[in-house]
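The sequence and structure come first, and the notes follow by topic.

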Amino acid sequence: MGKSGVITEKSKENKAYHNVIVLFKIYRSVSWRMQVQIGQVKHRFRKEYGTDVDSFLESIYQAGMDLNDDEANIKPRVEAISSSNKFLKLIDESVELMRLYHPQGERYYWVLYYTYMTPHQLSNISEIMEKLEPHLSQGVGINRSTYFRWRDSALKAVEGILWGYEEESRRLLEHYRDTWREEL
C-alpha cells in the first residue's frame, strides 16, 4: 500500500487487497461520513442557491454549464459523494443478491446486517445473536460458534459476488497444478 493509502499492487504479502472483512468493517463509518457530507452539501446549497443539490445540478446541465470551471469547488464535493455512494451501493447490491439467491441468503443477510450494516453498532456478539433470533426459524437456536460460522460463510458469499470467485479459482488452479504436476 502506498503512502496515500491506495493499494497499488496485489501480492501474497498484501492481504488488504480484496479483503471483504475490512470492507465491511468500514461500511458503517463510510455510511456515516457520507450522510454527514450529503447533509452539509444540501444545507450549503439551500443556503447559497435556494434549491437542493439535484435540482441545482440538473439546472446546470440543462444550461450547458461546465463544472470544470467551478469557482466554489462544487465538482470535487459532488464527485466525492458520488464515489462514496457507489461504494455503498455496490456493497448493498452484493448483499441483496446474496440474500435473494444464496440457499442461506436470508440468514446470512441478517448476520451481516446486525454485525456490520446497522446504523448503530451493537455492543457485542450476544446482542447480535439476540437480534438474529426473530429472523430464524422457530426452534432454531444460535450459539457463538454458529454465529461465527454463518458470518464467515456470509462474508465469503459476498466476496464471491464482489470479486467473481477470484480466490476460489486461484485455489482450484493451484490444487490442479500441484496434484497433476508432470514429472520431468
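Which residues in H1 meet which residues in H6? In this predicted model, Val-20, Ile-21, Leu-23 and Phe-24 of H1 meet Leu-155, Val-158, Glu-159, Leu-162 and Trp-163 of H6. By class, the residues of this contact are eight nonpolar, no polar and one charged.

**Helix crossing**
- The axes of H1 (residues 20–49) and H6 (residues 144–163) come within 10 Å, crossing at roughly 100°.
- Angles of 65 to 115 degrees count as roughly perpendicular, and H1 and H6 are therefore roughly perpendicular to each other.

**Helix H4**
- Between its end C-alpha atoms, H4 (residues 105–117) spans only 16 Å, whereas a straight helix of 13 residues would span 18 Å.
- Ten of the 13 residues of H4 are buried, so H4 is largely enclosed by the rest of the structure.
- The buried residues of H4 include Gly-105, Val-111, Leu-112, Thr-115 and Met-117.

**Aromatic pairs**
- The whole structure holds seven aromatic pairs.
- One of them is the stacked pair of Trp-110 and Tyr-114, at 5.6 Å centre to centre with 25° between the planes.
- Trp-110 and Tyr-114 both lie in H4, four residues apart, or about one turn of the helix.
- Tyr-147 and Phe-148 form an edge-to-face pair, at 5.0 Å centre to centre with 70° between the planes.
- Tyr-147 is buried at 0% relative accessibility, whereas Phe-148 is partly exposed at 26%.
- Ring pairs also link Tyr-109, Trp-110, Tyr-113 and Tyr-114 into a cluster.

Definitions and conventions. Residues are numbered from 1 along each chain as its sequence is written. This is a predicted model: local features need pLDDT of at least 70, side-chain atom pairs count only at pLDDT 80 or more; totals for chains, interfaces and linings use all residues. Side-chain values use heavy atoms; hydrogens and water are left out. Axes are lines fitted to C-alpha atoms, for helices over the stretch in contact, and angles run from 0 to 180 degrees between N-to-C directions. Helices (H or I, at least four residues) and strands (E, at least two) are DSSP runs, numbered from the N terminus. Angles under 35 degrees count as roughly parallel, over 145 as roughly antiparallel, 65 to 115 as roughly perpendicular and the rest as oblique. Contact means heavy atoms within 4.5 Å. Ala, Val, Leu, Ile, Met, Phe, Trp, Tyr, Cys and Pro count as nonpolar, Asp, Glu, Lys and Arg as charged, and the others, Gly among them, as polar. The expected span of a helix is 1.5 Å times one less than its number of residues. Buried means under 20% relative accessible area, exposed over 50%, partly exposed in between (1.4 Å probe, protein chains only). Rings of Phe, Tyr and Trp (its six-membered ring) pair if their centres lie within 6.5 Å; planes under 30 degrees apart count as stacked, over 60 as edge-to-face and the rest as tilted.
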